[in-house]
Amino acid sequence: MPIEQNMLSDEAAPRPARPGAFMTFLSTEGVWKKKDYAGVVTLASPPGGGGSIPAPVLSTLSLSAATIDSGSANGTPVGMILGATAGSTLSLTDTAGGRFALSGMNVVAGSTPTDRAVSAVHTITVRETLAGATGSPRDTTLMISVAAVAVAPTLAQLALSGTVVAEGAAAGTAVGTLSGRTVGSTLSLIDTAGGRFALNGLAIVTGTVPTDYAASTSHLITVRETLAGASGSPRDTAITIAVTDVAPAVSLAALTLSNATLTEASLAGTLVGAIVGRTLGSTLALANDAGGRFALNSGNLVAGATATNFDVSPTHEIVLREALAGASGSPRDTAITVTIVDATVLAPLTLAGGSIVEGSAPAILVGTISGITIGSTLSLTDTAGGRFALSGMTIVTGAVATDFSEAQTHSITVTETLAGSPNSPRASTLQVTVTAAAPAVPLTLATAARFLNNATMGASPTEAEALVGVTNLDPWFAAQAAAPPSTTGITAVNQGQRDGPWMRGALLGTDQLRQRMAFALSGILVCADSGFFVENRQPLAVYGDLLVTHALGSFRSLIGAVSRNETMGVFLSHFKNQKADPATGRRPDENFAREVMELFTIGLYRLNSDGSRQLDANGRPIPNYTQPMVTGSAAVWTGLGPNPNGAPFSSDYERGLIWEYQTSPAERRLCSQMASYPAYHETGAKTIIDGIVIPAGGTVDSDIDALLDALVAHPSCAPFISRQLIVKLVTSNPSPAYISRVVAAWNATNGNLLQVARAILTDTEAMNPTPGTPSAAGKAQEPMLAVLRMYRAFSATSENGLYDSDQMHIYFNSELRNRFLSAPSVFNFYQPAFIRPEVPGYFMPELQLATESALTAAADEMARLAYQFRDAAGVRYASEFYSVVPAGTNVGVAYLNTAYWEPYAADPAALVARMSDILTGGRMSPQNQAVIANALTGIPNPARRAVMAMSIFITSPQYTVN
């Protein structure tokens, strides 16, 4: 048999596989061959069938394909290696940074992706190795090209090269050029700021509606870029464009008069009207005084020495001459027609009401005077021996008490005076009836608790019991006035630590009336932790202390302190307010000047003493002030800066002292009252409310005092503030008579807030409202007050005495959405005139907070807090599952104390009746009391029974609406 056949036969015999094993042999044909387990391979055939086997020579390798797409996935084939010698092994000694790898005889993409943007060509090295072969190992360098892959573009945010434009710039004025646009995209302007801007190619230009710095110092536009197939298309880019103030060239304009009528025969010097439109620095003269009938007095036109006579002429023409060196059109003459009004004949006065109960305290409303002529003044020339007094347009009781057994009627005389009236002054005799006093009705537990729920931060059961049987609350008010103010003494900065000292005073302070009044005033004289005060609440704590300190003093003192408080100065931006500068166009900030009138003192419209609006001849409300009066008032609020005086007014030095927490008493003083800086104060004449002119040359202090005196003395101030205090303390819908009675107390005591509070809280509509009347509907409680009332009803205390809301886990903002001095705006948490559509005709401001989600969150929060309680044995519980709190833990939580309530808990009906008296002033209906009592019968533990009853009460309408 041939050798090859023998070898093959042997191959067929079983043997272990051994990769790479082979044998050589000489075939029957005389050819050397290599035999491995895959078959026979011819190696060489020496001449004549003999000789040695030549060594193989390794050749250069190549790739069947040498191109790959950019970013191909790992393992993507590139090409097969060609030219490898049989039996050799291949390896990749240069992988181009991991971008390529071997897979058998193939080159594939590696773990590092290719990127044409980085390199379009990569070099790899393939090493071929064969034992005994010539040139082994042999390296072959191969080139692999990276092909570009089309990528969808991603639209980027656009930018504008210029973002400032001068006010009033002509249409088409360039603002800036857009950059960052993707090739092929289209641009459009989808928000033109009301037509103030337009798109011109890549340029933003001014539009047809001119910009006005006084209206807005900046505008927002939106540019839209669109590209089919691009990622993020279309993409909107919002861009803010600032508007710069442009100082107008000084040009004298025509003057006007705030009022151009005068009653005939008015005395010389009688005000006609304020001159409006005068240019700063100009001088005025009367070029035509209508034969001496008119004259100038500072910036006002007044009656002259020659009397006017309606029968001679119902009108007169005057000429005002204004002169200003260098001004265009100077001097400028303005002709104005003044109308002469026929002298009014005063009619007899009458008294609406005119009845008083004998022995009434001073300042109690008797009746309202009607028939008063507009512009006249009243005086009480016969007071019936001091028994009566005049308060605005009302008659009130005087210092001498009436006595029914002495006289059932008294005559008083009211004298009306009106300049120019032919029968002025005119005296009217009015009759007042005295009625016998009804026997004093002692307070019950329910009426005592109702009074305390209005007058304090919540009725304490023991304090309510102490008032049972009382018929005269004067001693209680006297004790409250004598109690020292519970202020915070704040020394910490975070929100919880700001809440803590205030809550300690609100819950435990003996000055409960002061605390309640301060809480009410915080919703009128609003200052809140927004803006710079978000991180540091110390200035707000100081402001809260200010309200507490002044809560029972005069309103004039309070508004003076509020106006100068640095926290308020920053909140409403009159801190560092500066006088006008014509060179730069700077004008005093008007924010506080407007709010101190609109919100803090007199309101928008002139009011009667019962809170109703006064109407003009056309039946329209009469505004309390005009824009020129706002401008004049803004000049008053200039020159107030950091305290102590001497800090650089115009730098940022004071910012760090006010916003950042300071530790020393000297630094804390900086969060108190602003100091005066005369150099920054406007010293010119200023026209304020009712055309009153503050003369030129005043100081910061004298000008502020003059303005505040005028505001507090304004006839709208007492009814405007009195009504708001009634709404925040007692009822959202007081009757006009209720408001009049409180206003009478205000006027009789010059706005003494202690006496105003007494008048509000002891009025019939507060103590014993007539069922079915609007005032009897009461008021919805603010969520924060609802929590505090619950705490006081259960004598809640914390072991560490801090009352930090963070430690106590009271979520005022997130769940209750109500926190002391945290209103979202100067208009407080809710609008005072809010009306729910399902109950038309009734104001219910607090219920503006009562959304479905807010009610649910607040109810859950109140229930959670109710289940944090301590029983009479001192055991603390922390959830509705009555889990016991280990001793020494959670000492910062305020726990309800059930000790007072546990004795009543033995009888569920008695417990519920007691809670109805304390928590709702006895207003919980018998049907609801029965339902609650029935729900308690399955709870044996008296402490848990009391807490369960409380948790039901606090979510009831009778508790929510006080």
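A: Within strand β19, Thr244 is the bridge partner of Ala166. This is a predicted model, in which local features need pLDDT of at least 70 and side-chain atom pairs count only at pLDDT 80 or more, while totals for chains, interfaces and linings use all residues. Residues are numbered from 1 along each chain as its sequence is written, and side-chain values use heavy atoms, with hydrogens and water left out.

The strand names used here refer to DSSP runs numbered from the N terminus, where a strand is E over at least two residues and a helix is H or I over at least four; two strands count as paired if DSSP finds at least two bridges between them. On that basis, β13 (residues 164–166) and β19 (residues 235–244) run parallel and are joined by 3 bridges. Strand β19 also pairs with β18 (residues 218–226), here in the antiparallel sense and over 8 bridges, and Thr240 in β19 is the bridge partner of Leu220.

The loop between β17 (203–206) and β18 contains Thr211, which has a relative accessible area of 6% and is therefore buried, a word that means under 20% relative accessible area, against over 50% for exposed and partly exposed in between, with a 1.4 Å probe and protein chains only. Leaving aside neighbours within four places in sequence, Thr211 is in contact (heavy atoms within 4.5 Å) with a set of residues that includes Val165, Ala166, Glu167, Gly168 and Ala169, as well as Arg196, Phe197, His219 and Val243.

Strand β17 leads on to an open sheet of 4 strands, ordered β12-β14-β17-β16 with antiparallel pairing. Because β12 (159–160) and β16 (197–200) stand at its edges with a single partner strand each, one side of each is left without a neighbour in the sheet. The pairing of β12 with β14 (residues 174–179) is antiparallel and rests on 2 bridges, with Leu178 in β14 as the bridge partner of Leu160.

A second open sheet may be set beside this one: it too has 4 strands and antiparallel pairing, in the order β28-β30-β33-β32. Its edges are β28 (350–353) and β32 (388–391), and since each has a single partner strand, one side of each lacks a neighbour in the sheet. From one strand to the next the twist averages 35 degrees. Strands β28 and β30 (residues 365–370) run antiparallel and are joined by 4 bridges, and Thr368 in β30 stands opposite Ala352.

Not counting residues up to four places away in sequence, Thr76 touches Ile68, Val108 and Ala109.

The axes of α2 and α6 (residues 512–522) come within 8 Å and cross at roughly 55 degrees, where axes are lines fitted to C-alpha atoms, for helices over the stretch in contact, and angles run from 0 to 180 degrees between N-to-C directions. The two helices are therefore oblique to each other, given that angles under 35 degrees count as roughly parallel, over 145 as roughly antiparallel, 65 to 115 as roughly perpendicular and the rest as oblique. Asn453, Asn454 and Ala455 in α2 meet Gln512, Leu513 and Arg516 in α6. In helix α19 (residues 783–793), 11 of 11 residues are buried, and just after α19 Ser795 takes a positive phi of about 50 degrees.

For the whole protein, there are 27 helices and 42 strands, and 46% of the 962 residues are buried. Of the contacts between residues at least 6 apart in sequence, 66% join residues at least 24 apart.
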